[in-house]
Amino acid sequence: MSETTAADSIVAIKGLNKRYANGFVALKSIDLEIRRGEIFALLGPNGAGKTTLINIVCGIVNASAGSVTADGYDTVDQFRQARMRIGLVPQELNTDAFETVWATTRFSRGLFGKPANPAHIEKVLRSLSLWDKKDEKILTLSGGMKRRVLIAKALSHEPTILFLDEPTAGVDVELRHDMWEVVHGLREAGVTIILTTHYIEEAEKMADRVGVILNGEIILVEEKAALMRQLGKRQLALQLNEAMQQIPAELTDLPLELSNEGKTLVYTFNAQGESTGVAELLNRLATQRISFHDLKSSESSLEDIFVNIVRNQR
Amino acid sequence: MNWYGVKAIYQFEMARWLRTLGQSLAAPVLSTSLYFIVFGTAIGSRMGDVGGVSYGAFIIPGLMMLSILNESIGNASFGIYFPKWSGTVFEILSAPLSWRELLLGYVGAATTKSMLLGCLILATARLFVPYEIQHPLWMLCFLFLTAVSFSLFGFLIGLWAETWERLQTVPLLLITPLTFLGGAFYSIDMLPPLWQKLTLLNPVLYLISGFRWSFYGIADVHVGISVVMIFLFLLVCLLTARWMIVSGYRLKR
């Protein structure tokens, strides 16, 4: 697990536990630090505790034990200072159906203790392509538009920490790409972003660091790039000119497999390694007079890595 | 204090009220007018004075109380129950608001609405029966205290209720009977001795009695007792609301 110093950490979670009234333990001694200015992706299967964790930080659920600070302020004892800095886009599309987009965004800003600032609200609505809809009642909007409204509300008070709980669930491709742009823009502006997502592709594209939560425990926190390097595998697939029954004895010391009825020879190597061994492989294939007409290299996605981690833990 | 937060909630609640102004104002004014027509004018003309006041005028304070109690409870309970039901309460809970600011916003708005409604009913009554107000300042004080304490009580019901049915149960099964039996339409002197004693257990009696005193200088119980009782009720509601919000009872999981 990578270390962060207190100076660059903006959210510090220590020994956080949550046991619900029905006895269900949602979080078990969570320790986690989020660095200032990063995009942190919290991954985990359904029911792993992602939303509970976010809801405790935001003040919607009471913790059973442990503490959370946001920008140095305790989220319980100094909840005013802590919460003013936090914006939350929840998973469910809960909005005030009868309010207009403008009114509801303005309301959120006031609720978080900021004086009215129409110019800022306008900027937020424009950045989310909501400006044309500003006078429409929320109940007339599509699901994707409602999601944008929730983001606008969360940004209305200029938070420095933004929680996005499944921001692109049920959202079409175009909107998803728009949101990625908005999130990157916010990061450029210095906002720290913590997101949970089911689309691992999203985490792969956006996150600086990745945390994996499983059964209420954080089992891994790592730089995305390092994680992909350490746990990712690369493969080289060679399309053979002549199918093989089995790997020749001279090559069995190499990590080779046959697939596609012996027509494809697959070489697996560590993405992290300095030397991939590809040159040696090609030399030895030539010596053995094994010829091929095509080759393709591929690397495992964050999704493959995630699935493996979760599988190994179970 | 997060005054911008208080203002946001207050304005939100007032805007909701204005959107449904017909239901918010016209309905209680209409029903109160019907009471005046039936009890004040039609039946009242055949009844003698009560404590030197015509029956039509006698029932004005009680009828105002009936409406104010129902509206205060209805408005404030809906105000907090609806976000709980729709899920938008997440935003309220995650905002930098303490129990004081939440109450000022929600209960403040409900109190304003009830006060406005009370004044409107008073003006409507003028169309049906002549009356005078002996202690107008006290009248406003009673109006205010009643509106605040029952808006607070309504807020508690909204926090407590987990279904729409429960939200309706308390006003229907508790407040309406207590108001009718609390002397809205009669002085407790008119009751048999046993019922007089039992009526003293009804908290609404103290509200109506004090309020009526501010109009006509006649009361079933001493006005000082009325004031103390209202303050006691207010205090109990305030402490309960504070506990519910701070602990997150029925608000946070």
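Where is the place of A:I151? A:I151 is in helix α5 of chain A. The notes below start with some ground rules and come back to this residue later.

1. **Reading the model.** This is a predicted model, in which local features need pLDDT of at least 70, side-chain atom pairs count only at pLDDT 80 or more, and totals for chains, interfaces and linings use all residues. Residues are numbered from 1 along each chain as its sequence is written, while chains are lettered from A and ligands numbered from 1 in the order in which they are written.

2. **Confidence.** The pLDDT is the predictor's confidence in each residue, from 0 to 100. Chain B averages 91 on this scale, and 100% of its residues score at least 70. For the complex, the predictor gives an ipTM of 0.89 and a pTM of 0.86. Where pLDDT is low, predicted coordinates should not be read in detail.

3. **Chain B as a whole.** You will find 10 helices and 0 strands here, where helices (H or I, at least four residues) and strands (E, at least two) are DSSP runs numbered from the N terminus. Along the sequence, the pattern of chain B is α-α-α-α-α-α-α-α-α-α. Its C-alpha atoms fill a box of roughly 60 × 35 × 35 Å along the principal axes.

4. Of the 253 residues in chain B, 46% are buried. A residue is buried if 20 or more other C-beta atoms lie within 10 Å of its own, exposed if 12 or fewer, and partly exposed in between, with C-beta atoms placed from the backbone. Two residues are in contact if their C-beta atoms, placed in that way, lie within 7 Å. Among contacts in chain B between residues at least 6 apart in sequence, 80% join residues at least 24 apart.

5. **Where the chains meet.** Chain A gives 26 residues to the contact and chain B gives 19. On the chain A side, α2 (79-84) and α3 (101-111) are the elements that give two or more residues. That side of chain A has 13 nonpolar, 7 polar and 6 charged residues. Here Ala, Val, Leu, Ile, Met, Phe, Trp, Tyr, Cys and Pro count as nonpolar, Asp, Glu, Lys and Arg as charged, and the others, Gly among them, as polar.

6. **Two domains in chain A.** Chain A is divided into domain 1 (1-85 + 160-170 + 186-231) and domain 2 (233-313); these bounds come from an automatic or database domain assignment. Taken over C-alpha atoms, the centres of the two domains are separated by 37 Å. In chain A, 15 residues of domain 1 are in contact with 10 residues of domain 2. On the domain 1 side, α8(A) gives the most, with 5 residues. By class, this side of domain 1 has 11 nonpolar, 1 polar and 3 charged residues.

7. **The largest nonpolar core.** A nonpolar core is a set of buried Ala, Val, Leu, Ile, Met, Phe, Trp, Tyr and Cys residues joined through C-beta atoms within 7 Å. The largest one has 140 residues, of which A:A41, A:F163, B:Y106 and B:F155 touch the most other members. Helix α3 of chain B (residues 55-86) gives the most to this core, with 16 residues.

8. **A:A41 and A:T197.** Leaving aside neighbours within four places in sequence, A:A41 is in contact with several residues, including A:L195, A:T197 and A:V210. A:T197 is in the loop between β8 (192-196) and α7 (200-206) of chain A. With 22 other C-beta atoms within 10 Å, A:T197 is buried. A:T168 is 29 residues from A:T197 in sequence, yet their C-alpha atoms are 7.7 Å apart.

9. **Back to A:I151.** This residue counts as buried because it has 24 C-beta neighbours inside 10 Å. Not counting residues up to four places away in sequence, A:I151 touches A:V89, A:L128 and A:V182.

10. A:S129 has a positive phi, near 55°, in a residue other than glycine. A:S129 counts as partly exposed, with 14 C-beta neighbours inside 10 Å. A:E158, also not a glycine, has a positive phi of about 55°. With 16 C-beta neighbours inside 10 Å, A:E158 counts as partly exposed.
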